[in-house]
Amino acid sequence: MSGDVASLPPVVRVANRTTGRRRSATLWIGVVLVGIILVTALVSFVWLPYSPEDISGGRLAPPSAAHWAGTDKLGRDLLTQLIIGARIALEVGAGSVVLGGVIGLLLGLASAFAQRWLDDGLSAVLDVLIAFPTLLVAMLVVAASGASLGSAILAIGLAMSAVVARLTRILAKRVLSLDYITAARVSGTRWPGLVVQHVLPNIWPTVVVNLALQFGLAVLAEASLSYLGLGSPPPNASWGSILQQAQGTVLVAPIGAIAPGVLLVVLVIGVNLVADGLRDVGDPTRRRRS
Amino acid sequence: MKKKLGLATGVALVAALALAACSGTSTSPTKPVSATINIGSVYEPQNLDNTAGGGQGVTEALNGNVYEGLFRLTDSGKVQNLLASSYTKSSDGLTYTFTLRSGVTFHSGDKLTSKDVKYSIDKVTAADSQSARKSSLTVIKSIDTPDDATVVVHLSSRSISLPYNLSYVWIIDHSAKNLKTSEDGTGPYELGTWKHGSSLSLDRSSKYWGTPAKNAGVVFHYYSDATALNNALLTNAVDVVTSEQSPDALTQFTGNASYKVTDGKSTTKLLLAFNDKVAPFDKVEVRKAITSAIDNKKLLASIWGKYGTLIGSMVPPTDPWYENLTKVNPYDVTLAKKELAEAGYAKGFTFTLDTPNYDPHPAAAQIIKSDLAKVGITVKINIITPDTWYSKVYQAHDFEATMQEHVNDRDVVFYGNPDFYWGYDNPKVTAWVKEAEEAQTTAGQTALLKKVNTQIADDAASDWLYLYPQIVVASSKLSGYPVNGLNSQFYAYDIVKK
Amino acid sequence: MVSYLIRRFAFLVITLVLASIVLFVLLRLLPGDPANALLSVGATKEQIAAAREHVGENLPLVAQFFRWFGQLARLDLGTSYISGLPVGPEIVQRLVVTVPLTLMAFVLAVIIAVPVGFVAAYKSHRWYGILLSAISQLGIAVPVFWIGVLLVTLFALTLKVLPAGGFPQDDWADPGAALQSLALPVVTVALVMSASVTRYVRSAVLDVLDSDYLRSSRALGAGFAEAMWRHGLRNASVPVISILGIELATTFLGAVVVESVFALPGLGSMLLTSIAQHDYPDIQGVLFVSTFVVLVVGFLADFVQRLVDPRLRASVNGNRFASGRRRAARA
């Protein structure tokens, strides 16, 4: 299911066997798609067509010169809400990637360097955690702390950290098993030195690509959460909430139920394409088989 | 290789099944059996016991359909004898003698006796009862059962609303068990199956003492959101929707000859409730100023379009003591500013509005916020879950202002309780509420409760934003369904489908 | 193999016990009062106290835990605080919807994804190979509820050929009606799932096409079809199987969104309601059963993977190798 961090494509395995020209095309299409959303989100800080609380537009008005996307069921400008939704989507993605990335990286490295019994225990726990969809974890966290953007980011970030931790652990172990690392260890390099000099530079490209994919999955997870009514309500709503609010009137005013979905797809595809592109840029000499 | 072949065959088999599923779906949705009425609702009972927190759904599905009281509250708000064939009241008003209707049996086959009535009333007033009517029945001192057909109720003080309050007491077989998941009532329907999370079916009882139900049975279908509910009606999966939750989808039905939309009378009021005990809401002028600063008409139109009613106080038009009090605190920004200045808040103030997280509260809160900004008052909207509302606002009284729907009729009497969550404490009102209950005549009761209603409006005890509409949408083939949502009951026995 | 099975099974049991303890503790950390769901406006102080006692909140936490664990040992999941219904039978009632939904969607997704993924890889330089790949890229970016809403709008509200939601009152008594109710939800889930499975199949097939053994097999005179059949498919299926295991488990647990779109009385909607009501016995029961399903599916995926992969079957120190490989594949 698209909302699950656990079902991410296996970065280690999915090779992008395309020609150089098509590779850069992929990256550029991705950058343009993400750029559109990013610019929209940045614009929302300095300008909005209407105040998100302005209900003067009339209920469910069709698109017009004054309201390009029409209004919602309370008469609020839909375009304004969609623009704010872009900001929220990026906030959720960035927030949970930072949270999940930091925790996951630390946990993964700790596990890679730990004693065998601790490592085994940690990876068993991660195995089980990863099997639980982000959405389920998020539902529980939101039930505990109330529906807000913060609790959604917290929940999605936490669920993501398990995935990142497991990836980091595998990659770090692979690096640590290399001959020259063993040599460095024997010659007395301590683990902080190993991490900074050898492990991080080696695993960094793969982790970044993975985090980019996680970004898209986080956005989808938050949208699902909002759709279930566990997100923050309009007017400062995520695309999932807007869609949920508008689905009852899909036959009367279809834009509210269609536009948020299109924007979600644009953002997530964009991020995925950027991830694919980065993978090739970050690892030009990638092995033919993993 | 053998294993893989096995696997392949398995896959092919399931594929065939899936194909069958797809081909089976090209026919039209199943038509419901004509004799059974399918009712759509968003209020699934939490359990089947109205003294154990069954919620508003259990009233909707079972009240009058499966369970009956000594009296019945009709769809138009009148109290009629039901299982009581007659009653007498002593001259001091402290003793009521009820004669039970003869020939009534429970669905289990047991005969209705006075013992069952005593058991049922005791169940509502018991220590562990969650009934919303418990407090109004505490005036009952003792119950005697001189013979099988007679119940004598002794009161500690006069209670003119006793028959009305008893209409909420379901008469249950005293030997019944597991009332949360099964039933033993006297009504025209017996419980079929309750599929938690989905539906509840009622079958016409062959043992019913009165006029049998006009349909063979009803199925209540439950949906967690209004969209799915309306879709069910649009696709004929249900015949009638007990109450529409928003006007947005109604355009799909109003212009369509296959459906009938009824705008009935509701008892559900949306309140902006102040905590009258904390500053600045302890000042009458501040409450009046806020009430005048909010454009209730615009608020109602934003949320309900052309539906709904403004009432200006707590009493809805279906209560006998209703008066139109919308003029007491009119929408008037200048007046509001003046009142604020008198109270010493000329420059306004800031307060937190605890807002339940479900519709229409967050939207209404936004509108209130923008209206109050015009008189210099800053509103901080704090979105909370119903659970938090209960513990923070209702139990701990830890709030400045909040919003809540109050669904019951005749609930103006809550203002006579100084310990209620909104903390309104006017000794005059408390006394009037008590006197009204002890009144000799209905006229006396009505006069006193009118005074209560006017006084709380004068004091702006809360801001009664609007009265909800009660909109029933049904297939035009359907007739005989109730159109007023009094206390969310929904008598199903007269419904017929052409 | 036998010792592997025993070890794997022991791991399953231990994880389940640990999970049940963690579940219990975590749930009790949630703020909020389950008694509140039973109360209405107008409730008195005594009524609030009675509701607390009713839901068993007056007992100490440890006593509550052992009561629950004791019931669990007798395969009794307790009774809902709110509805008074026994949790176990209620979950079974919900599984009647969720399990067919998940399995049918899974099978449909595999039926779509395997050929599509194969073609997308084998013809990766043709326009239709690229197109298929692009469509799958699109598919993994689409929110599942959005597809659901669009399908309802089209097939139920506009064309009126399928129900918009709900499930027959008598469950599977009329299989045709039940299948009709599940048609749109199954397609919704299958579309999204097949997009992601297609990506894995394509990648696994590309790996095989690139492999030395396929090349040497062909050099030794085998035709492409024969080489692919004898070496390729088996090797390509190894990573795909573990992915399918995960997809199956997450779909089962993630069905909550689809159940919400289509108003299906499944396990996910039970969880959503019980979380809103703080109905601990219900939440515990659903999460416990879900954990169980996740672990069992993982166990089965491992097992099937071993049957298929000759290297894993032969390896002496198979367990560590297998789990390491599985992790690599999943990460």
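Author: UniProt positions follow the numbering used here, feature names are shortened, and annotations may be inferred rather than shown by experiment. The model is predicted: local features need pLDDT of at least 70 and side-chain atom pairs pLDDT 80 or more, while totals for chains, interfaces and linings use all residues. Residues are numbered from 1 along each chain as its sequence is written, with chains lettered from A and ligands numbered from 1 in the order written.

Reader: What does UniProt list for residues 78–408 of chain B?

Author: An unreviewed entry gives them as "domain: Solute-binding protein family". The end C-alpha atoms of this span lie 15 Å apart, and the span is 25% helix and 25% strand. Helices (H or I, at least four residues) and strands (E, at least two) are DSSP runs, numbered from the N terminus.

Reader: How many residues of chain B are in contact with chain C?

Author: Contact requires C-beta atoms, placed from the backbone, within 7 Å. By that rule, 49 residues of chain B touch 52 residues of chain C. Helix 1 of chain B gives the most to its side, with seven residues.

Reader: How do you know what span is expected for helix 3 of chain C?

Author: The expected span is 1.5 Å times one less than the number of residues. Helix 3 (residues 61–73) has 13 residues and reaches 18 Å from first C-alpha to last, so it is close to the 18 Å expected. C:Leu75, with a positive phi near 60°, follows helix 3 of chain C.

Reader: Which domains does chain C have?

Author: An automatic or database assignment supplies the bounds: domain 1 (2–73) and domain 2 (95–317). Their centres, taken over C-alpha atoms, are 32 Å apart. The contact between them takes 15 residues from domain 1 and 13 residues from domain 2.

Definitions and conventions. Contact = placed C-beta atoms within 7 Å.
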